[in-house]
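Me: Could you take me through the packing in this model? I would like to begin with the terms and then turn to single residues and helices.

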Amino acid sequence: MFASKFAAVSSDENLPDSFRTRRHELERQMQAELAVSQNTSMEDINEMAEDKDEINCDFEMHEMLDALKSCKNNSAPGADCISYEILKQIPRSCQAVMLKFFNCVWKQGHLPPDWKEAIIRPMLKADKSPFNAASYRPVALTSTICKLMEKMVSTRLRWWMEDKHLFNKFQSGFRKNRGTIDQILRLSDDAHKAVHSKQYTLAVMIDLEKAFDLVWHKGLIHKMKKLGLKNNILNFVSDFLNNRIIRVRIGS
């Protein structure tokens, strides 16, 4: 019952017919663009080689150690029972083997099947009925080894986006040294200026329901291609999003 409820969150049934129709149209356009893009010119090949040096090169030890430092020891492990504390305490020779394995996954673009399995622990929300499956928040326990590589890929992707100036200058979420306080200060500054000039400030707040659960995967990959992302990074994200499995754990 819990598994069906949690899986349904990402179901197409949550999408309006108008969006599904539009998505179908876009998918046909994307297929047409893909057919055209297969005729790769020499200029494109040179560009791909340049991108490979920037974002698709092998990971280095300092990248893994920096990502490992940001991992919390008290995070629950996945089905393999390997905790972050274990990964931090293993000798450097073992970490070198793990880094070599990460780079194999990075080059091949295929994640181990175990990395795409999650154990879901239903946590009852405050002041909600325990007899309704919708009253529970799913907490996903996945492989810490996979999450470590996720951090490494995410850090490199953010660096690449910042370096190429691809973020909207007003975006503060998911960016280093940026946060909600930036937007509060912007709003406050605009409001003060408007008051002094006898004008108005209008703020529109939008909360997108199931914003992450309903991300259109094919559309996301298409946008990444449009930004110029190719090869390892594109293959990793694409495979990461496909064929994922959940299991629900109740008690022990």
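Reply: Contact here means heavy atoms within 4.5 Å. The model is predicted, so to speak of local features pLDDT of at least 70 is needed, side-chain atom pairs count only at pLDDT 80 or more, and totals for chains, interfaces and linings use all residues. Residues are numbered from 1 along each chain as its sequence is written, and side-chain values use heavy atoms, with hydrogens and water left out.

Me: Which residues is Trp106 in contact with, leaving aside its neighbours within four places in sequence?
Reply: They are Ile55, Asn56, Cys57, Phe59, Met149, Val153, Arg156, Asn232, Ile233 and Phe236. Trp106 itself belongs to helix α6; helices (H or I, at least four residues) and strands (E, at least two) are DSSP runs numbered from the N terminus.

Me: Is Trp106 buried or exposed?
Reply: Trp106 is buried, because its relative accessible area is 0%. Buried means under 20% relative accessible area, exposed over 50%, and partly exposed in between, with a 1.4 Å probe and protein chains only.

Me: Which residues have the most contacts inside the largest nonpolar core?
Reply: Met64, Phe102, Trp115, Leu148, Met149, Met152 and Ile233 do, in a core of 34 residues. At least two residues each come from α4 (61-69), α5 (84-89), α6 (92-108), α7 (144-163), α9 (217-226) and α10 (231-241). The largest share, 8 residues, is supplied by α7. A nonpolar core is a set of buried Ala, Val, Leu, Ile, Met, Phe, Trp, Tyr and Cys residues joined through side-chain atoms within 4.5 Å.

Me: What does the second, separate core include?
Reply: Phe6, Ala118, Ile120 and Ala133 are among its 6 residues.

Me: On to helix pairs. How do α4 and α6 cross?
Reply: Their axes come within 10 Å and cross at roughly 105°. Therefore α4 is roughly perpendicular to α6, a label for angles of 65 to 115 degrees. Axes are lines fitted to C-alpha atoms, for helices over the stretch in contact, and angles run from 0 to 180 degrees between N-to-C directions.

Me: Which residues meet there?
Reply: From α4 there are Met61, Met64, Leu65 and Leu68, facing Arg92, Gln95, Ala96, Met98, Leu99 and Phe102 of α6. By class, this contact has 8 nonpolar, 1 polar and 1 charged residues. Ala, Val, Leu, Ile, Met, Phe, Trp, Tyr, Cys and Pro count as nonpolar, Asp, Glu, Lys and Arg as charged, and the others, Gly among them, as polar.

Me: What do the buried residues of α9 pack against?
Reply: They pack against α2 (17-37) and α10. The residues concerned are Gly219, Ile221, His222 and Met224. Just after α9, Gly228 has a positive phi of about 100°.

Me: Changing topic, what is the strand order in the open sheet?
Reply: The order of the 3 strands is β2-β1-β3, with mixed pairing. Both β2 (136-141) and β3 (245-248) are at the edges with a single partner strand, so one side of each has no neighbour in the sheet.

Me: In what sense do β1 and β3 pair?
Reply: Strand β1 (residues 117-124) and β3 pair in the parallel sense over 4 bridges; two strands pair if DSSP finds at least two bridges between them. Ala118 has Ile246 as its bridge partner in β3.

Conventions:
Parallel < 35°, antiparallel > 145°, perpendicular 65-115°, else oblique.
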